2 protein chains.
Amino acid sequence: MSTVPCTLCKRRDAVFMRPYSGEKLCVRCFTRSIEDKVRVTIAKYEMFKPTDKIMVAVSGGKDSVTLLHILAKIEKAFPKASLCAVTVDEGIKGYRDEALKFAASNCRKLGVNHAVTSFKELYGYSLDEIVKMTLEKEENGKGLTPCAYCGVLRRRALNLAAREAGVDKLATAHNLDDEAQTMLLNILHGDALRIARVKPVLADVYPKFVQRVKPMCKVLEKEIALYAYLKRIKVQSVPCPYAQTALRSDIRVMLNRIEEKHTGTKFTLIKSLERIRPALEAVAEEAKLRDCRQCGEPTVSEICKPCQMLRKLDIR
Amino acid sequence: MSTVPCTLCKRRDAVFMRPYSGEKLCVRCFTRSIEDKVRVTIAKYEMFKPTDKIMVAVSGGKDSVTLLHILAKIEKAFPKASLCAVTVDEGIKGYRDEALKFAASNCRKLGVNHAVTSFKELYGYSLDEIVKMTLEKEENGKGLTPCAYCGVLRRRALNLAAREAGVDKLATAHNLDDEAQTMLLNILHGDALRIARVKPVLADVYPKFVQRVKPMCKVLEKEIALYAYLKRIKVQSVPCPYAQTALRSDIRVMLNRIEEKHTGTKFTLIKSLERIRPALEAVAEEAKLRDCRQCGEPTVSEICKPCQMLRKLDIR
C-alpha cells in the first residue's frame, strides 16, 4: 500500500484524512490537533483559572475517558490546578457496571481521585427500576423516555458530587455532535428557546450550583473516537441499551448521514445557531436559580425537576 | 376486507387514518378537512381581502395544482375576488415541459386565466443552459447548486408576472413539509436568522413587490398528495431532475423518517421555530427594500440577487 506524507509535519505517514479541511495527518499531528483544539476551546471560553479544582464527569465511554486523559495532560502545566473524577452509576445492568470498571482503571492509571455516586443511593432506585416503574405507571408510550429521567437525575447527581468535593468546575465530555444533536432535539421537541442554554460554559452564579464547562464541545465525535483508538485508551464501547428508544438517536443517525454527503454541516449548524443565541437569550426567561422548596437544591421553578419526577413516581 | 366508519360523519367508510390525531376519515370528510385547513389558514393570517385579485403560482405538480383547485372552490363565495395563474418555465428538459401541460389543462378546466413566463425569455438562458454554464465555469462542486439559481430566478419571475398582471397577492403552494425543510435548511446552511423570513405571509410593503401568501403552509405534503389523488386531479408526478443534488432532499428524507417514528415532529418543529421568530425578527437586519441599481427590481442590497447571479455567469 502506498503511503501519503502528513500535511503538517511532512515527515511521518498520514493515517487520517480530515474531510472538512482536506488535511492528511499522521498519528502525532492528529492527536496533537485534538489536544490543541481542547486547549483553544478552554482559552476562548475562559473555562478554567490556573488555580481551579476541576472535577471531570467520567462515564467510562470514549468521550469522557478521552477528556480525562487530555485534561490530565494539560493540567501538568498548571501545578496549582487539580483534577478529580466522578462517575454516576445510574444502575443500568450490563452497561454501566462494565463502564465503571473502565472509568476506575483509567483514573488509577492517571493518578486521579475517583468518586462514585449512584441513583440507587441518591434516589432510592436505579434507572432500571425507575424505567420499570414508569412502564407500570404510565400509559404506553405517553410517559417520559428513560433518557429524560436519566438526564435530569444525572445532572443533579453530578452537581451534588461536585459540590461535595468542593471543586470549582465540573467538566463534561460533550462533543460537537452532542451539541448539534441537542440543538436539533430542542427544536424538534418544540422548545427552540432552550438553544440558548446549549453552550460551552454554563456559568449560572449560585452558591449551590457548580459551574459546568465542555472543553471538547468543538471536537467531532468521530475524531474523539479516533484519538482514543490511536492513544490506545481503554474504554467501554457498548452503547446504552436505552439510547435506541430516543429521538436523539434518530437525529444522530440523520446528522451523520447528512454530514457524510455535505461535509461540515455539523460545524455550520453549531455556528448558525450560535449566531441567534444572543437574540434567544434576550427573550428567554431569565433562569434565576433558587432553592427547591422540597429538597433545597438549585432550580428555576418552585419544585426542581428531579423532585417533580420522583413525585410522579411516588418516590418522593 | 372489513371497513371502519369515519370518525367524523360516522356514516361513510374511512379511507385514511391520520396518525397525529388518530382520526379515521372518509373521502368526503378528509377532503373537506384539507379545504377547511386552508380556509382557516387564510383567515388566521388575513391572507386575502374579499376584493383581491389573486395569482396562483402553478408549476403543474400536485401541490400547486391542488392549491389552484381549492382556491377556485373557496373563491366562489367571494364574487368580487378574482383568480388567475402563472407558470414559470425554467427550461428543464423532460420535466417542466411536461408539467406545463398539466398546469394549462387544470387552468382550462377551472376556467382560470393562465400566463406563462420563462427563464429563457426573462434572462436569455434556460435553467438547463445556466447549469451547463456553471459546470463549465466553476470548480467542481464549489459553485451554487441548480436549486439556488432556480429559487432566486423563479421568485423574481413570479414577482414580475404578478406585477404585470396587476394582482394584489401572489399565492404559492408551499406546504408544511416545505416550511419545515426550509427552516432546517437555513440552520444547516449557517443562516438561522433567515428563519425569521419563513412565514405564511411575506408582506413587505414596497410598490414593486407583490405580497406573497402560502395558504397551504399548515398542510402536510402527504395529505395534499392524498387530496389530489382522491379528487382525481391530474398532475405532473415526475420529480425535478436537479432536486436530488440538493441538501434539501436529504433533509426531506430525514424529516420523513423521523416523522414516521415520532408522529407530529413536523408540526412541533414549525411551532417551535415560530415561537422564536419574534426574537429573530427583532435582531434581523430590517429588510428594507429598494430598487436594484442595475435592473430596478426590488432588493435588500445594492445589486439584487438575480443580477448578482447573472453577472457571475457573465450574462449581465
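Biologist: What separates the centres of domain 1 and domain 2 of chain A?
Modeller: In this predicted model, the centres of domain 1 of chain A and domain 2 of chain A, taken over C-alpha atoms, are 25 Å apart. Domain 1 covers 1-44 and domain 2 covers 45-280, with bounds that come from an automatic or database domain assignment.

Biologist: How many residues does each of these domains give to the contact?
Modeller: Domain 1 of chain A gives 14 residues and domain 2 of chain A gives 20 residues; a contact means that C-beta atoms, placed from the backbone, lie within 7 Å. On the side of domain 1, helix α1 (residues 27-44) of chain A has the largest share, eleven residues. Helices (H or I, at least four residues) and strands (E, at least two) are DSSP runs, numbered from the N terminus.

Biologist: On numbering and confidence, what conventions apply?
Modeller: Residues are numbered from 1 along each chain as its sequence is written, while chains are lettered from A and ligands numbered from 1 in the order in which they are written. As this is a predicted model, local features need pLDDT of at least 70 and side-chain atom pairs count only at pLDDT 80 or more, whereas totals for chains, interfaces and linings use all residues. Chain A averages a pLDDT (the predictor's confidence in each residue, from 0 to 100) of 92.

Biologist: Turning to the sheet, what is the strand order in chain A?
Modeller: The order is β5-β4-β3-β6-β8-β7 in an open sheet of six strands with mixed pairing; two strands pair if DSSP finds at least two bridges between them.

Biologist: Which strands stand at the edges?
Modeller: Those are β5 (113-118) and β7 (201-202) of chain A; each has a single partner strand, so one side of each lacks a neighbour in the sheet. Elsewhere, β3 (residues 53-57) and β6 (residues 169-171) of chain A run parallel, joined by three bridges. Met55(A) is opposite Leu170(A) in β6(A).

Biologist: How many residues does each chain bring to the contact between chains A and B?
Modeller: Chain B brings 26 residues and chain A brings 26 residues. On the side of chain B, α10(B) gives the most, with twelve residues.

Notes
Two residues are in contact if their C-beta atoms, placed from the backbone, lie within 7 Å.
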